[in-house]
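Thanks for coming. I will go through one model this morning, starting with the interface and ending with the salt bridges. Please have a look at it first.

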Amino acid sequence: MANETVFFTGGAGFIGLHVIPMLLERGDAVRVFDNMTRGDREAIAALAKTGRVELIDQDVRYGGAVHAAMKGCDRVIHAAAVSINKSQADPYESYDINFIGSHNVFAAAADHGVKRVVFCSSASVYGDPKKLPMHEDDPLDPLTPYCISKRASEDTLRFYQRRAGLSWIALRFFNVYGPGQKTTAYYTSVINHFVNRLRNGEPPIIDGKGEQSMDFIHVHDIARAIVLALNAEQANVPINIGTGIDTSIAELARILIAATGTDVEPQFNPRDVLVSRRAADISRARDVLGFEPTIAVRDGMTDLVNAK
Ligand SMILES: NC(=O)c1ccc[n+]([C@@H]2O[C@H](COP(=O)([O-])OP(=O)(O)OC[C@H]3O[C@@H](n4cnc5c(N)ncnc54)[C@H](O)[C@@H]3O)[C@@H](O)[C@H]2O)c1
């Protein structure tokens, strides 16, 4: 049992709501710091009934508010961010929230002497990978303000490590999916698109041969990784969190056809597509966190489709 207080920015979002019950389970109290632009107020209100979850309805862009709210907390999870597609539409907002916001959180954590910061980073810091699987020491090539901010935030953690002895872990999530995800989520919009067509009895339409791939990781496993990172003995490293398996779009279509029990074949739309592929090297997650993914893509997708 941990019996500590965890300061959790963005804790009312998709991933946060899968993490909080795990923290309560091990005896922690949770102070959620979230401006509720995408947070689920009802879910937080239900969790608050335990008497061990409180919501500070505030914005990470206000450094003073972050600093004041973090007082008395033992560990920090920093998940507040605006998404990758929004970052293309509004780079100013993206840098404000995703970079300046991160700095506010890390500076306050260093000042309060918290025991560990776990930062929700992203596999998008790698850009288009030159080889698979993708390893943490591969060159980074972030392409959008969101990805650039994630990388700069990781660098800022190193700065506070050198300056104030801050202990941190940056988790580079691959393609997260699972219950509670908003249908607008960037990487997973393809899942919704296929499922919606299948529900109408229409085949999924795939551009090219469907060779593009992603490393889909279930949100339950992401949440487990975050909790493990809060207390891992080794720290101050970025760690990939994926399954290590790349699932092609054609394969995803077949999984969803089987899950929905629809009698159709995917339709291929012949055209040249840039084939990008993703798969995480998760040996560091195994070594440092003792992490092992527990939900296979086929099972996770089938549950998701049947729960909808
Ligand atoms: N979901 C994914 O596929 C994925 C992949 C890689 C990395 N990540 C990272 O994981 C983290 C959590 O992602 P998620 O999917 O739960 O996103 P989400 O949008 O569901 O949750 C983010 C939360 O942050 C809050 N927030 C946004 N701006 C804020 C601000 N200025 N101040 C305070 N709170 C603010 C939102 O209200 C929301 O509750 C993010 O940092 C994201 O970049 C997610």
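Domain 1 and domain 2 bury about 2,900 Å² between them, with 61% of that on carbon and sulfur atoms. Buried area here is the accessible area, with a 1.4 Å probe, that two parts lose on being put together, summed over both. On the domain 1 side, Phe14, Arg38 and Asn175 lose the most area to domain 2, together 21% of what that side buries.

Before I go on, the ground rules. This is a predicted model, in which local features need pLDDT of at least 70 and side-chain atom pairs count only at pLDDT 80 or more, while totals for chains, interfaces and linings use all residues. Residues are numbered from 1 along each chain as its sequence is written, and side-chain values use heavy atoms, with hydrogens and water left out.

Back to the domains. Domain 1 covers 5-175 and 217-241, and domain 2 covers 179-215 and 245-307; these bounds come from an automatic or database domain assignment. Their centres, taken over C-alpha atoms, are 25 Å apart. In contact terms, meaning heavy atoms within 4.5 Å, 35 residues of domain 1 meet 28 residues of domain 2.

What about polar links across the interface? There are 11 residue pairs in polar contact between the domains, both residues at pLDDT 80 or more. A polar contact is a pair of N or O atoms within 3.5 Å; within protein, one must be able to donate a hydrogen and the other to accept it, and residues adjacent in sequence count only if both atoms are side-chain atoms. The rule also finds 2 salt bridges across the interface, a salt bridge being a side-chain nitrogen of Lys or Arg within 4 Å of a carboxyl oxygen of Asp or Glu. From domain 1, α8 (219-231) gives the most to the side that touches domain 2, with 7 residues. Helices (H or I, at least four residues) and strands (E, at least two) are DSSP runs, numbered from the N terminus.

Next, helix α11, residues 297-307. Val297, Gly300, Met301, Leu304 and Val305 are buried there. They cover an arc of only 130 degrees around the axis, which puts them on the same side of α11; the arc is that of the directions from the helix axis to the C-beta atoms. Asp303, Asn306 and Ala307, on the other side, are exposed. Buried means under 20% relative accessible area, exposed over 50%, and partly exposed in between, with a 1.4 Å probe and protein chains only. The buried residues of α11 pack against several elements, including α7 (189-199) and α9 (249-260).

Two buried polar residues in strands. His78 is in β4, residues 75-78, at 1% relative accessible area. Its side chain makes a polar contact of 3.0 Å with the side chain of Ser102. Ser121 is in β5, residues 116-122, at 3%, and its side chain has a polar contact of 2.7 Å with that of Glu154.

Last, the salt bridges: the structure holds 20. Arg284 pairs with Asp137, the closest N and O atoms being 3.3 Å apart. Arg284 lies in α10 (283-289) and Asp137 in the loop between β5 and α6 (145-164), so the pair ties together parts that are 147 residues apart in sequence. Arg284 is buried at 17%, whereas Asp137 is exposed at 60%. Asp59 and Arg61 form another, at 2.8 Å, N to O.
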